[in-house]
Amino acid sequence: MFQWQRRLLLLGVRELSATAAYPADLLPRARGMVVVTGQNKVSGNPDDAMSSSDAEDDFQEPATPTATQAGQALPLLPQEFPEVVPLNVGGMYFTTRLSTLRRYEDTMLAAMFSGRHYIPTDAEGRYFIDRDGTYFGDILNFLRSGDLPPRERVRSVYKEAQYYSIGPLLDNLEDIQPLKGEKVRQAFLGLMPYYKDHLERIIEIAKLRAMQRKARFAKLKVCVFKEEMPITPYECPHFNSLRFERSESETKLFEHHCEVDVSFGPWEAVADVYDLLHCIVTDLSDRGITVDHQCIGVCDKHLINHYYCKRPIYEFKITWW
């Protein structure tokens, strides 16, 4: 089942099939009475049916036909739509051509208005879609003439395009800013598989500390380092000459965890520490979290010979209100 098919079910849009339930006014009503005695099903003369005490116990009132019975009793009647379709999307009204809604076959809207599904209507006869309609106009504009939304609405329209499964619109939006830049950024963040987990840890630690101290803000230490092994401009030549000659025991001497709350790194890319810091602050801000940060030094833990950690340590200040 495709995603848009699941959404149709959630919206209450029913597919018209041989076993689909018809509206009550279209269903044949049961007539007379039905008497069940043992394994014999008797119907017809009421007086004969009521003459048996066993029949009184087993008497069953007529029931509304099931969906299967309805499908067998009536032929399949697909829902028909007018050429000009009035829409009610979450309380916002739109009007468009049926051909516009069917522009791309593999979309949720094309499926909804294909005739294979029953779409509910409001009191005014508009076809109802239970979805916020704020950006539905942008969806229609693309289906009509290929128009794309202004930059400030690209992200929101992208979410709606995902909901309605409009592949061509998704492709077009991914090729313009800010989504095009976001693809590049995500390629960089993909080098750190625990990036999202570390963001959640920052938020959780800051929340607990603020609650424990009954404070408006909380501070925590974050280590952001690009190189796995310690390097400074002075030590670089020595380090490079040593890196291919280390024994396994020497390698373990370089392995340690800085005394911080959260660590990001290492990674191999052109993007540096400041680029990752920008990503962290941006993603926290997008979640409505006010964050400030500053470098408060480096980790000075001694490792081996004249090597020290030298990973930069940043203080993050999370303000809650």
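Which residue in β10 is the bridge partner of Cys 223? The structure is a predicted model, in which local features need pLDDT of at least 70 and side-chain atom pairs count only at pLDDT 80 or more, while totals for chains, interfaces and linings use all residues. Residues are numbered from 1 along each chain as its sequence is written, and side-chain values use heavy atoms, with hydrogens and water left out.

In β10, Cys 223 has Ser 263 as its bridge partner. Strands here are DSSP runs of E with at least two residues, and helices are runs of H or I with at least four, numbered from the N terminus. Two strands pair if DSSP finds at least two bridges between them. Strand β10 (residues 262-264) is joined to β9 by three bridges in the parallel sense. Strand β9 (residues 217-224) also runs antiparallel to strand β14 (residues 312-319), with seven bridges between them. Within β14, Glu 315 is the bridge partner of Lys 221.

A separate description applies to the open sheet of three strands, ordered β6-β5-β8, whose pairing is mixed. Its edge strands, each pairing on one side only, are β6 (92-97) and β8 (127-129). On average, neighbouring strands of this sheet are turned by 30 degrees against each other, direction ignored. Axes are lines fitted to C-alpha atoms, for helices over the stretch in contact, and angles run from 0 to 180 degrees between N-to-C directions. Six bridges link β6 to strand β5 (residues 84-89) in the antiparallel sense. The bridge partner of Val 89 in β6 is Met 92. Helix α7 packs on the sheet and touches β5 and β6, its direction making about 10 degrees with that of β6.

In helix α9 (residues 167-174), Leu 169, Leu 170 and Leu 173 are buried, that is, under 20% relative accessible area with a 1.4 Å probe and protein chains only. These residues lie on the same side of α9, because they cover an arc of only 100 degrees around the axis, taken from the directions from the helix axis to the C-beta atoms. The buried residues of α9 pack against α7 (136-145), α8 (154-163) and α10 (179-189), where contact means heavy atoms within 4.5 Å.

Helix α10 also packs with helix α14 (residues 273-286), at an angle of about 115 degrees and with the axes 11 Å apart. The two helices α10 and α14 are therefore roughly perpendicular, a class that covers 65 to 115 degrees. Arg 185, Phe 188 and Leu 189 of α10 make the contact with Asp 275, Leu 276, Cys 279 and Asp 283 of α14.

Conventions. Buried < 20%, exposed > 50% of the residue type's maximum accessible area, 1.4 Å probe, protein only. Parallel < 35°, antiparallel > 145°, perpendicular 65-115°, else oblique.
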